[in-house]
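Open the model in your viewer and have the selection tool ready.

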Amino acid sequence: YAAAGYVKTVSDAEEGSIKAEATATVAYTNTRDTGDLVITKVVSGTGGAVNREFDFTLTLEKNEHGANVNGTYDTTLTTTTDEGTTTETGALTVKDGKAASLIQLKHGQTLTIEGLPVGTTYTVTEDVPVADGYEQTAANVAKTGTIDDDTTETATFTNERNVGNLTITKELEGTGTDASSPNVLESYHIK
């Protein structure tokens, strides 16, 4: 049962012979302790796209007892907006220690992956869209930790994107300018 995440404990173990008409009892208890992993997405800044989906990958490694991490886990997706909070249940399949599909989250969304074997090491990695102006820091690229008994591990990813404004003004100057000429902005290329 170790491959399924169970840990065996033995109580009242004795060695020796059982005498005639006597009873000997040995109790075996198999327990499977689990914990949850929560992945949260936050977008901030003046140009942060709160409706954009951000991509994450999840990798799981067996615990010290060799518990199999492959399988299907129940999930709960919580979305918090100005209008309130909604939840959806689903499932996440792990194959060869990796989520079978990308995890996609928007600003204000939290995905809870339930029932991971205690001692499992997880790594959640975000594909930060740096080319679109989002800041990438070492703390925001990957989160690694270990699932603990009856607790929830949290991996929060925050991306900030700030934008500014550009104003171009055309003014006519000089003695040969005609005040009645239209003050038309011509074509400009900004790189």
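## Charged side chains, stop by stop

Select Asp 33, Asp 148, Asp 149 and Asp 150. Together they form a negative surface patch. Keep in mind that this is a predicted model.

Is Asp 149 buried or partly exposed? Its relative accessibility is 38%, so it counts as partly exposed.

Next, turn to pairs of opposite charge. Side chains of opposite charge can pair when their charged atoms come close. How many salt bridges does the structure hold? There are two.

Select Glu 126 and Lys 41. Their side chains meet in a salt bridge, 2.8 Å from N to O. Zoom out to see what the pair links: Glu 126 belongs to strand 10 (residues 121-126) and Lys 41 to strand 3 (residues 34-44), distant parts of the chain 85 residues apart.

Move on to Arg 52 and Asp 132. This is a salt bridge too, with the closest N and O atoms 2.6 Å apart. Arg 52 lies in the loop between strand 3 and strand 4 (54-61), and Asp 132 in the loop between strand 10 and helix 1 (138-141), so the pair ties together parts 80 residues apart in sequence.

Check the surface once more. Arg 52 has 29% relative accessibility and therefore counts as partly exposed. Asp 132 is partly exposed as well, with a relative accessible area of 35%.

Key: Residues are numbered from 1 along each chain as its sequence is written. This is a predicted model: local features need pLDDT of at least 70, side-chain atom pairs count only at pLDDT 80 or more; totals for chains, interfaces and linings use all residues. Side-chain values use heavy atoms; hydrogens and water are left out. Patches are made of residues with over 30% relative accessible area and no salt bridge: like charges are joined within 9 Å, nonpolar side chains (Val, Leu, Ile, Met, Phe, Trp, Tyr) within 5 Å. Accessible areas come from the Shrake-Rupley method with a 1.4 Å probe; for residues, only the protein chains shown count as cover. A salt bridge is a side-chain nitrogen of Lys or Arg within 4 Å of a carboxyl oxygen of Asp or Glu. Lys and Arg count as positive and Asp and Glu as negative; His and the chain ends are not counted. The place of a charge is taken as NZ of Lys, CZ of Arg, CG of Asp or CD of Glu. Buried means under 20% relative accessible area, exposed over 50%, partly exposed in between (1.4 Å probe, protein chains only). Helices (H or I, at least four residues) and strands (E, at least two) are DSSP runs, numbered from the N terminus.
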